[in-house]
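These notebook entries record what I looked up about two ligand sites. The structure is shown first, and the entries follow.

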Amino acid sequence: MIVVMSHRASDGEIEAVLVRLERVGFQIHLSRGVERTIIGAIGDRNILGDISLESMPGVEKVVPILQPYKLASRTFQEENTVVRVGDLEIGGDTIHVMAGPCAVESREQLMQAARLVRDAGGTILRGGAFKPRTSPYSFQGLEEEGLKLLAEAREETGLLIVTEVMDVRTVPMVAQYADILQIGARNMQNFFLLREVAKIDKPVVLKRAPSGTIEEWLMAAEYIMSGGNYNVILCERGIRSFENYTRNTLDLTAVPVVKHLSHLPVIVDPSHAIGMWRFVSPMAGAAVAAGADGLIVEMHPNPSEALCDGPQSLTPENFKAMMANLKNIAGVMGRKMP
Ligand code: PEP
Ligand code: MN
């Protein structure tokens, strides 16, 4: 439930409510908005009757949150969450594009990609050092060597780094190099991993599982938030449907729906959703038109040589063209591109 404090409530009155809630075992999450303070209290609703919260000074009302996700819900926080990372704001007016190869393959490949991303107006470099591959015989990533190359690319270009963490054991290592951690689609419900990234103070891109419902996805975000990390960026990357012409089915409906249900920023990954480079740019534009706060897109200096996901990777030229197109669409939507 949430306890909405009056806009006139004093710090002492807020404190008294917190103390009373904690005494009976509620887990507390405080949201100090511009207008008023909201206290999220997670615990047994039946206790409520015994503690007369509503009659405490400074309390305006007590509202149950009916959705199973609480901290991720709009009921708990009405204003959009803006995730701040480096100098960037994700979830604000500006649409940020995260781009780069599927996997970090070599210094030369990554540096080239990083310069191309920067020159075309991208702000965040993507690249997997740990790769979740369907086949154990496919390239699995350069691991820590790949993370070091990402850090080197950040050093040279000023781009921030987003990269996937697949395992609880490597969370500290990945967090040491990355600016944003990515939880891949296959790990959306790896609850131990979610709890682990909840403990670090870096934003998390949480991809939607191929078979994840919107509610399951928001519950996964709830794991991260209830563990103390509120900087969650949701990423729609296509779900599995009967359609098999494309790799997955890009569920753009999820963008306005999730933004209605939740205050968290939502980005879209058209590359993994579609699996074919030709359709990436149109759907990237559609994502921005649907209200997405950003994009994550695969671009490779030479897609035909890519060790992973070449067919869905944009060439540098196509990436540039996509960025120009996005700028127009962002303008129509009243958003900016950096
Ligand atoms: C990726 O971003 O490289 C990736 C593996 O994506 P997903 O988890 O969405 O399949
Ligand atoms: Mn990929």
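Entry 1, ligand 1. I looked up Arg186 and found one of its polar side-chain atoms 3.2 Å from an oxygen atom of ligand 1; a polar contact is a pair of N or O atoms within 3.5 Å. I noted that this is a predicted model in which local features need pLDDT of at least 70, side-chain atom pairs count only at pLDDT 80 or more, and totals for chains, interfaces and linings use all residues. Residues are numbered from 1 along each chain as its sequence is written, chains are lettered from A and ligands numbered from 1 in the order in which they are written, and side-chain values use heavy atoms, with hydrogens and water left out.

I then found a polar side-chain atom of Gln182 at 2.9 Å from a ligand 1 oxygen, and one of Arg237 at 2.6 Å from a ligand 1 oxygen. The protein covers 98% of the 290 Å² of accessible area that ligand 1 has on its own (Shrake-Rupley method, 1.4 Å probe).

Which residues coordinate the manganese ion? I listed Cys102 (SG), His272 (NE2), Glu298 (OE) and Asp309 (OD), at 2.0 to 2.4 Å; donors are N, O and S atoms within 2.8 Å of the metal (3.2 Å for Na, K and Ca), and sites may look incomplete because water is not among the atoms.

Terms used: A polar contact is a pair of N or O atoms within 3.5 Å; within protein, one must be able to donate a hydrogen and the other to accept it, and residues adjacent in sequence count only if both atoms are side-chain atoms.
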